[in-house]
Amino acid sequence: MHRQFVFFCALAVLSWSLSVLGQASQPLAAQPSSSQAPAGHDGCSAYFTIAPLDQNVLKLLGTPIVPATEGLAASAGFQQLRAWDFPSKVTPWSARPSPDELSRRRIELSQAAHSVLIPNPYDLQTSSPRDWNDLEKWFRKEAPRKLPGACVDSNKAMYVVVVGVILDGSANRSLGNSSARNEYKQSAMARQQDSSVGANAATVPPVVQNNQELSGMGSASDSSIPGAHTCAFLYRKPAGESRLQTPDYYYCRSDSVMPRSAITSMLKYFANSKLP
């Protein structure tokens, strides 16, 4: 009886030893982990690239209007139309009215004001190759700082930040004299006031005095001018495909040539909100 007891004890010890050795020999990947691994081996949760504004973006905005009278430039209806084209906060594209709705509102504004609204397509202010190269270098360095988990890689890009300067024609039409420019300037400052709070608060500099020239896109050329809007559009880009036809979000710095500020506002917004 005593021998059987000893035998079973020895067998139990042997079985336990074999079990421990078997668990130790399992590969590390098979063992559970207490934390979730990052999206990529390099620690990046999202990949970005930037691209210059092009005519496809302007087509999305449609054919805008320039008021034929100075007073109409500061009217609430006209300013609302401009706010939908050049939002002073990072805004979902889905919040923008449809092209038909925008056209209807333009007609209503013209009838109410008893004025002619002059169609005037937006134009692009192009940057020099050197300025764009400097902006790309800045973006590669600053994007991960502004948005944790963001990496810049055009080959892996999941998001494209399209940035550039749009000219609305007002500088050489309804704003052809100094009083009109001052009126437009005041309305532009009012549009920017709601950007002094919230996610964009730290990224919106005050409006500065006008310069006589509109130059490129480098930091040294950041300037203020009526009728110029520095805009950033966030597009999604499926793997192996071109960016989607419409952006998910957009934001503009009106009356300014400040591409770095516009990009910074966009990135800081998503540091506090989920990417689409």
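The structure is a predicted model, in which local features need pLDDT of at least 70, side-chain atom pairs count only at pLDDT 80 or more, and totals for chains, interfaces and linings use all residues. Residues are numbered from 1 along each chain as its sequence is written, and side-chain values use heavy atoms, with hydrogens and water left out.

The protein chain contains eight helices and nine strands; helices (H or I, at least four residues) and strands (E, at least two) are DSSP runs, numbered from the N terminus. Of its 276 residues, 42% count as buried, where buried means under 20% relative accessible area, exposed over 50% and partly exposed in between (1.4 Å probe, protein chains only). The accessible surface of the chain comes to about 15200 Å², and 55% of that belongs to carbon and sulfur atoms; such areas come from the Shrake-Rupley method with a 1.4 Å probe, and for residues only the protein chains shown count as cover. Among contacts (heavy atoms within 4.5 Å) between residues at least 6 apart in sequence, 79% join residues at least 24 apart.

Even so, α6 bends by about 35° at R140, and a proline, P144, follows within four residues. The bend is the angle between axes fitted to the seven residues ending at a residue and the seven starting there. Among the buried residues of α6 are W132, W138 and F139, and the elements covering its buried residues include β1 (46–52), β7 (159–167) and α8 (259–271). E136, also in α6, counts as partly exposed because its relative accessibility is 26%. E136 and I50 are 86 residues apart in sequence, yet 7.2 Å apart in space, C-alpha to C-alpha.

Two strands complete the picture. H229, in strand β8 (residues 223–236), counts as buried at 0% relative accessibility. The side chains of H229 and S254 are joined by a polar contact of 2.9 Å; a polar contact is a pair of N or O atoms within 3.5 Å, where, within protein, one must be able to donate a hydrogen and the other to accept it, and residues adjacent in sequence count only if both atoms are side-chain atoms. D255 lies in strand β9 (residues 249–257) and is buried, with a relative accessible area of 1%. The phi of D255 is near 60°, a positive value in a residue other than glycine. Most residues other than glycine have a negative phi.
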